[in-house]
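Me: I'd like a close look at a single part of this protein, with its surroundings described as well. Here is the model.

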Amino acid sequence: MAFNCEVTELAGLAEGKPSAVFPLGLPVLLIRRGGEVFALENRCAHMGCPLAAGKLDGHILQCPCHDWRFDVRDGKFIGAPELSVRTYPAEIRDGKVFVRLP
Ligand code: FES
């Protein structure tokens with residue numbers, strides 16, 4: 001069963017600045033890029049560091065702990081796509097951001 005959760009107002013989400021939210025108690029990271037919002041688990045695939053403090057360059061997010069880099073569009077680790085951070089479908093509706101959670 002999946003839940004479509006309203007997580008924030010789009011206006012409150014700064015362009016290019018990762019924002020941590022906790023829908024249903026889950027650590028989710030929102031990233032607004034251009035006209036889109038991406039949602040991924042706020043936990044690095046390496047040793048679990050929160051990615052919210054990571055550095056964003058385009059669609060690439062670098063973990064603040066050991067510099068692993070992930071594409072926020074699909075969560076894949078750059079250089080070894082078999083490793084990834086979980087992503088969640090996100091959509092913008094009526095100025096609000098919704099994330100579909102398992
Ligand atoms: S915990 Fe993210 S790179 Fe190590």
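Does V7 count as buried or exposed, and why? Please take me from there to the strands and the core around it.

Reply: Happy to. Please keep in mind that this is a predicted model. V7 counts as buried because it has 21 C-beta neighbours inside 10 Å, and the cut-off for that class is 20 or more. Its place is in strand β1, which covers residues 3-9.

Leaving aside residues up to four places away in sequence, V7 touches V21, P23, V28, L30, V97, F98 and V99. H46 is another matter: 39 residues along the chain from V7, its C-alpha atom is separated from that of V7 by 26 Å.

Four strands make up an open sheet in the order β2-β3-β4-β8, with antiparallel pairing. Its edge strands are β2 (19-21) and β8 (87-88), each of which pairs on one side only. Inside the sheet, β3 (residues 28-33) and β4 (residues 36-41) run antiparallel and are joined by six bridges. Along that pairing, R33 stands opposite E36 in β4.

β9 (residues 90-93) and β10 (residues 96-101) pair in the antiparallel sense over four bridges. They form a hairpin with two residues between them, and D94 in the turn has a positive phi of about 50°. Here R93 stands opposite K96 in β10.

Next comes the core. The largest nonpolar core has 21 residues, and V28, L30, A39, L40 and V99 touch the most other members. Strands β3, β4 and β10 each supply at least two residues of this core. L40 has its own set of contacts: beyond residues up to four places away in sequence, it touches L29, V72, G75, V85, R86, T87 and Y88. As background, nonpolar side chains tend to be buried together in soluble globular proteins.

Stepping back to the whole protein, there are zero helices and 10 strands. Buried residues make up 26% of the 102 residues, and V7 counts as buried. Among contacts between residues at least 6 apart in sequence, 41% join residues at least 24 apart. The C-alpha trace spans about 35 × 30 × 20 Å along its principal axes. The radius of gyration is 13 Å, which agrees with the value near 13 Å for a compact globule of 102 residues.

Definitions and conventions: Residues numbered from 1 in each chain as written. Predicted model: local features only at pLDDT ≥ 70, side-chain atom pairs only at ≥ 80, totals over all residues. Pairing = 2+ DSSP bridges. Core = buried A, V, L, I, M, F, W, Y, C linked by C-beta atoms within 7 Å. Buried ≥ 20, exposed ≤ 12 C-beta atoms within 10 Å, placed from the backbone. Contact = placed C-beta atoms within 7 Å. Rg over C-alpha atoms; globule rule 2.2 N^0.38 Å.
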